[in-house]
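Subject: Structure handover

Hello,

Here is the structure I promised to pass on. Please open it first, then read my notes below.

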Protein chains: 2
Amino acid sequence: MARVYNFSAGPSMLPEQVLKTAAAEMLDYKGSGQSVMEMSHRSKWFDDIIKEAEALMRELYKIPDNYKVLFLQGGASAQFSAIPLNFMNGSGKADYIITGQWAKKAFQEAQKYGDVKAVASSADKTFSYIPKTKAEDFREDADYVYICMNNTIYGTVYKELPPVGDKVLIADVSSCALSEPLDISKFGMVYFGAQKNVAPAGLVVAIIREDLLGNARDITPVMMNYKIQADAESLYNTPPCYTIYICKLVLEWLKANGGLDAMKERNEKKAKLLYDFLDNSKMFRGTVVPEDRSLMNVPFVTDDDELNAKFVKEATEAGLVNLKGHRTVGGMRASIYNAMPYEGVEKLVEFMAEFEKANS
Amino acid sequence: MARVYNFSAGPSMLPEQVLKTAAAEMLDYKGSGQSVMEMSHRSKWFDDIIKEAEALMRELYKIPDNYKVLFLQGGASAQFSAIPLNFMNGSGKADYIITGQWAKKAFQEAQKYGDVKAVASSADKTFSYIPKTKAEDFREDADYVYICMNNTIYGTVYKELPPVGDKVLIADVSSCALSEPLDISKFGMVYFGAQKNVAPAGLVVAIIREDLLGNARDITPVMMNYKIQADAESLYNTPPCYTIYICKLVLEWLKANGGLDAMKERNEKKAKLLYDFLDNSKMFRGTVVPEDRSLMNVPFVTDDDELNAKFVKEATEAGLVNLKGHRTVGGMRASIYNAMPYEGVEKLVEFMAEFEKANS
């Protein structure tokens, strides 16, 4: 079968060039006589790969020198525990903003370890907006404030950061990672599961301000201690080497395609095409308030569940796959990450127009 | 360059056929129009992959029905914490046998969570043997007894299990996984990092007796709670999908090549060739007592550090790579896992004979 346009929320499309390079290098990486899957993580070959991945990440995100870049495992869900274990070490308090299922899971997990407050939530309207917060909403002595920047399931994104003052801000940016520039210096920690914009599943990248490291609780599992991982340069034990290699290839592709400014422009253009169509359609509508719309995840519905199901089925047959909404919310969702070409969104919009015509 | 014979202790050689299949399926897995790296972990495609991997694991290891098979992340080091957090839940005591660096790390990590005793150790002779234990060495009320079955760095293996009676025995079998049959019913839990015999790095397989699940401590990070992982069939969050796919390909290769009985025979033949050479050489000698020699990891030395270095260098030039011993012990080590063909060991032994002749 020809390659499909894959609107999966994650794992998700990778640049075709990256896959071609990976296939070509599978049995012999650059004359090493080995696959990257087979080489020692202590070898010169792999050392070059992980160092290059970090250097590209620093270059693309303009990461300040006082931040560590870690390659970790366990998904965002492992960080839900690691964050309180590493950083809830002053007052033992932390403030969370609840903008969807992932923020809520992080909040619930942190309750195991301290005094956690939900300072705002958009649960009242099925997380279809980002709640506004004021400086006084946050506790003076909170060890950190936690947000989920882009909400994969609900399709919202923070266009402006909450006014946390000089409190430590921690953000899960899994589903908008490397999709546009980000001022890392505003955060204590930024992290992302790689399986959306960056690599296959099985890798988390964490960018952490150095001065926050070194105060993990005694009960912290060794693999969740960020200081230990930082001191070992992500090689405390064997890291997910092959996934880091694919990450490096994706970062090279990003750089060759103009970096994050170009990516932002391209992502805005793709999202505009789809949102404009939704705003003008009589059958389909987006579910998010316009000011908080994500560039990455675009949920939409018709007013008829059967029609939704018919749409997903026929779209799949047309090579537009994984458009079904998250199992907890239904409807449709188009995830249009970096690797989704403009033509993929064009095809989707054309298909939606035809479907609307045929079913009105 | 031609493919080399890679004696790396892990990550390590994979069957060439597996790499060829992975390369061929990279852009389009079985007509899905997607790479396995790109597909949703909730898709039918991936569901088939993970179910097939589990079924093959059960078939090859003859795993009893009352055991769960989990696909996890974080390496063996994450299990060093998860094991006490999940199972040190009765007396709060656990007994460890120290047969090398990995057993020691597991032991040290468990000290965070309870009353841990080192009941035996072979540290006195640089871990060159497996210490003998008697039933009365173990504490009556220990929640479990922990061993590292095959010691990658030192090249020892348990030929007989310690006499733990009806106590729960937990074994790290990372470096001998699927290399020969194993009676799973003798263990409460068997687990292995996949990056030696089974898959690229980034995956741990844990086989756990069902009745032991469900008593994790309150402070257990959600991703380390085996009951939660078991209930979610390893899909609590996004698993390392591509690594699980390669694992499935390796298991298919194992089955096609006769399963674990055939693998044992093949591994014994390879190891015998190398050990026989070492026992007859005047320059090289193995470092492990004969009765505890591993089939997988064969450390050896000459009596001259410069000669060791020269050997490693010239072997590398001859396409026999990663023969340097672990950085903590020096000398040489040949890891001859399932995917190392007999011809690779023949080449090594031939090269050693020539080297001995040229340098005597």
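Which residues does A:Ala53 touch, not counting residues up to four places away in sequence? They are A:Phe71, A:Ile244, A:Lys248 and A:Leu251. Contact here means heavy atoms within 4.5 Å.

Some ground rules. This is a predicted model, where local features need pLDDT of at least 70, side-chain atom pairs count only at pLDDT 80 or more, and totals for chains, interfaces and linings use all residues. Residues are numbered from 1 along each chain as its sequence is written, chains are lettered from A and ligands numbered from 1 in the order in which they are written, and side-chain values use heavy atoms, with hydrogens and water left out.

Confidence. Chain A has an average pLDDT (the predictor's confidence in each residue, from 0 to 100) of 97. In that chain, 100% of the residues score at least 70. The model's ipTM is 0.97 and its pTM is 0.98.

Back to A:Ala53. This residue sits in helix H2 (residues 44–61) of chain A. Helices are DSSP runs of H or I, at least four residues, numbered from the N terminus. A:Phe71 lies 18 residues from A:Ala53 in sequence. Their C-alpha atoms are 9.7 Å apart.

Now the interface. On chain B, 63 residues are in contact with 63 residues of chain A. The two chains bury about 4,800 Å² between them, 58% of it on carbon and sulfur atoms. Buried area is the accessible area (1.4 Å probe) that two parts lose on being put together, summed over both. B:Leu27, B:Met37 and B:Glu38 supply 14% of the area that chain B buries against chain A, more than any other three residues.

There are 2 salt bridges across this interface. The term means a side-chain nitrogen of Lys or Arg within 4 Å of a carboxyl oxygen of Asp or Glu. B:Arg3 and A:Glu38 form a salt bridge through their side chains, at 2.6 Å from N to O. Helices H1 (16–24), H3 (75–87), H4 (101–110) and H6 (241–256) of chain B each give at least two residues to the side that touches chain A.

B:Glu25 is buried, at 16% relative accessible area. Leaving aside neighbours within four places in sequence, B:Glu25 is in contact with B:Lys30 and B:Tyr245.

Best wishes

Terms used. Buried means under 20% relative accessible area, exposed over 50%, partly exposed in between (1.4 Å probe, protein chains only).
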